[in-house]
Amino acid sequence: MRPSSSRRMAFVAVGLILIASASHSFGQTIRNITLEEAVELSLKNSKQLKLSQSNVDLAGLNIRQIKDNQLPSFSVSASYLRLNTPNINLKSSSSDTSSTGMSSLHVNSVAYGMASASVPLFSGFRYKYSLESAKYLQEASRLDAETDRQAVIQNAIMAYSNLYKAKRSVDLVAENLVREHERVTEFTNREKNGIIARNDLLKATLQESNVQLTLMDAENDLKITTINMNLILGLPEDTPIAADSASFEVLKDAGNAMDWEQTAITHRKDMAAIAVRQKAAGSDIHVAKSDLYPSVALTGGYVALSIPGFVTVPNAFNAGIGVSYNLASLWKTGSKIEEAKTRLYQLKTNEEILLDRVHLDINTAYYNYVLSKKKIEVYEKAVEQATENYRITKNKYDNSLVTTTELLDADVAQVQSKINYAAAKADAIVAYKKLEQTAGVIN
């Protein structure tokens, strides 16, 4: 064997050993995850869902604040003041002796304490409609969180599909590399014995190098998809995981687009959320109108006053009903009402826009799924054809009826058809789940 050939064969052997050892160490700790487990873990560890839940919690706190505003308010204050010695001259019809006695008072401090309470009785229906609006907004936030949940499910399914396709590509290309190495070994022996031309050996060697580069790219893609999948699942990013191929074997009937569209109108959470927000906007109009009404509250208080040497008031209680009305609301409230009505109009317009988008999204997802199922059929036939073509070409090559280039091309076509077929099955599952998500029924 020539020195250059020896070095090349040694390089290939070392490369195969490294690939095999890496695959072996990877396989020792690999964790097989089903599609259902992936979805469950993604929902459990999704940061987006935690953020969505915090929005629901904030909406609940807003309801609590509105209810708290209807509770009695109670305040207490007290002061103690030091004074200079004032000149007190009380004007009265009493005698001069009495006036002289009063002027002899020495007041140098004042102490007082006050307590007041108020219970709102009527605020122009502000409390009723504010609470109603807040409850609608809380429900809208909950529906938004459900929409985010469905998006997380779809994202996990897509990442799971990418992981499966990446792993399948690595396996198929690795198998091909083994065949290419065996072919190079065979061609090397034939070239030594003068059976084939050196040019044929070089073609086989070049093919092996190209497959090795393809394997390196496939393994790099697998590493990236694994990291992405681990981040979605909440696992350490270096955790080796593998997708279950059984998750991509069962395909469902596509149905028809009109039924899917009706399902979307009924089940999509964003459709329900925008309808609930319209109700909240209607309540906000009543809240704006509440400024046109007076406010009524039950009030009460207590005052204690002490001016040493002059007067002490220990038990000054008061209670009653207070009515207040801001006359400026007669000409200032109109703009608030119109603003609330404009927001309601915007929501209704957004609903119409959303309906158009749902129609487009459903049809896009539906026909993508129909196409993906057809691709599976085509790629399945392509695998059979490419396998048979390689078998025939190999027989012809063994009988010197075709060139080495034709043999290598047939081998590449066979591997590529298998990769395409595996990817098509995974893509079909993703397409169907996308159709379910678009219709609001993914689970």
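**Burial, cores and a helix pair**

Of the 443 residues in the chain, 35% are buried, that is, under 20% relative accessible area with a 1.4 Å probe, protein chains only. The model is predicted, so to speak of provenance: local features need pLDDT of at least 70, side-chain atom pairs count only at pLDDT 80 or more, and totals for chains, interfaces and linings use all residues. Residues are numbered from 1 along each chain as its sequence is written, and side-chain values use heavy atoms, leaving out hydrogens and water.

The chain has ten helices and six strands, taken as DSSP runs (helices H or I, at least four residues; strands E, at least two) numbered from the N terminus.

Let me turn to the cores. A nonpolar core is a set of buried Ala, Val, Leu, Ile, Met, Phe, Trp, Tyr and Cys residues joined through side-chain atoms within 4.5 Å. The largest has 35 residues, of which Ile33, Ile157, Tyr160, Met229, Leu233 and Ile241 touch the most other members. Helix 5 (126-192) is one of the elements that supply at least two residues; its share, twelve residues, is the largest. Beyond four places in sequence, Ile33 is in contact (heavy atoms within 4.5 Å) with residues including Tyr160, Leu233 and Ile241. A separate second core of 23 residues includes Met271 and Val358.

Finally, the helix pair. Helix 7 (residues 257-267) and helix 9 (residues 329-398) have axes, lines fitted to C-alpha atoms over the stretch in contact, that come within 9 Å and cross at roughly 135°. Among the contacting residues are Trp260 of helix 7 and Val358 of helix 9.

How values were computed
Buried means under 20% relative accessible area, exposed over 50%, partly exposed in between (1.4 Å probe, protein chains only). Axes are lines fitted to C-alpha atoms, for helices over the stretch in contact, and angles run from 0 to 180 degrees between N-to-C directions.
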